[in-house]
Each structure stands twice: as C-alpha cells, then as structure tokens.
Amino acid sequence: MAVDVVIKNCNIVSPENITKGGVAVHDGKIVAVGDDLYLPEATKTIDAKGNYLIPGVIDVHVHYGVYHHYTEEVFDMSAAAFGGT
C-alpha cells in the first residue's frame with residue numbers, strides 16, 4: 001500500500017535528538033518516521049534537501065495581514081507558514 005506523501009532527506013527533530021531520515025504521511029496522519037530506505041512507497045515524494053522537520057508541530061500563533069496602526073500599512077506576517085513550520 002502506498003502512503004500519500006513521503007518527505008525524505010530531513011533532519012528530523014524530536015525531544016531526544018536530531019536524526020537524518022524521513023516521514024510518511026497517510027490520510028493526514030504521520031504513519032512512519034525513520035530511515036529513508038525503510039519508508040513506504042508514496043504517491044508524492046518530497047526531497048527536504050537536508051532541511052529540518054519537526055513532525056507534529058503546529059504553529060498556532062501566526063498573524064496574517066497584521067495592520068500596523070503607526071504607518072497605516074498591512075503587513076503579511078506569515079513567515080512561519082512560509083518557512084515550513
């Protein structure tokens with residue numbers, strides 16, 4: 001059975017350490033974390049190119065289109081979303 005997405009070539013951050021490998025996701029849930037060689041086949045595979053991946057982290061404090069009252073400008077403050085958090 002193929003999973004929906006596999007993200008390979010990551011530095012996976014966990015509470016214990018940082019390891020190289022990947023993550024498999026199926027139906028919106030993480031179903032495997034481990035060495036790239038042992039991850040299941042996937043419909044879509046993403047090469048993380050050595051970037052850091054923090055499985056399960058959700059950034060709940062993101063500001064979209066924040067109004068700055070001093071300059072009367074609207075700023076797009078979605079840096080965490082853009083950066084992949």
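This is a predicted model: local features need pLDDT of at least 70, side-chain atom pairs count only at pLDDT 80 or more; totals for chains, interfaces and linings use all residues.
Strands are DSSP runs of at least two residues, numbered from the N terminus.

View 1. Is Asn11 buried or exposed? Its relative accessibility is 11%, so Asn11 counts as buried, the cut-off being under 20%. Which side chain makes a polar contact with the side chain of Asn11? That partner is Lys20, and the two side chains meet at 3.1 Å. Leaving aside neighbours within four places in sequence, Asn11 is in contact with Ile18, Thr19 and Lys20, and also with Gly50, Asn51, Tyr52 and Leu53.

**View 2. Asn9, a residue with positive phi in a strand.** Staying in strand E1, which covers residues 3-13, we come to Asn9. Although Asn9 is not a glycine, its phi is positive, at about 60 degrees. Asn9 has a relative accessibility of 35%, so this residue counts as partly exposed.

**View 3. Lys49, a residue with positive phi in a loop.** Where does Lys49 sit? Look in the loop between strand E4 (42-47) and strand E5 (52-53). Lys49 is another residue other than glycine with a positive phi, here near 55 degrees. The relative accessible area of Lys49 is 68%, so Lys49 is exposed, the cut-off being over 50%.

Conventions: Residues are numbered from 1 along each chain as its sequence is written. Side-chain values use heavy atoms; hydrogens and water are left out. Helices (H or I, at least four residues) and strands (E, at least two) are DSSP runs, numbered from the N terminus. Buried means under 20% relative accessible area, exposed over 50%, partly exposed in between (1.4 Å probe, protein chains only). A polar contact is a pair of N or O atoms within 3.5 Å; within protein, one must be able to donate a hydrogen and the other to accept it, and residues adjacent in sequence count only if both atoms are side-chain atoms. Contact means heavy atoms within 4.5 Å.
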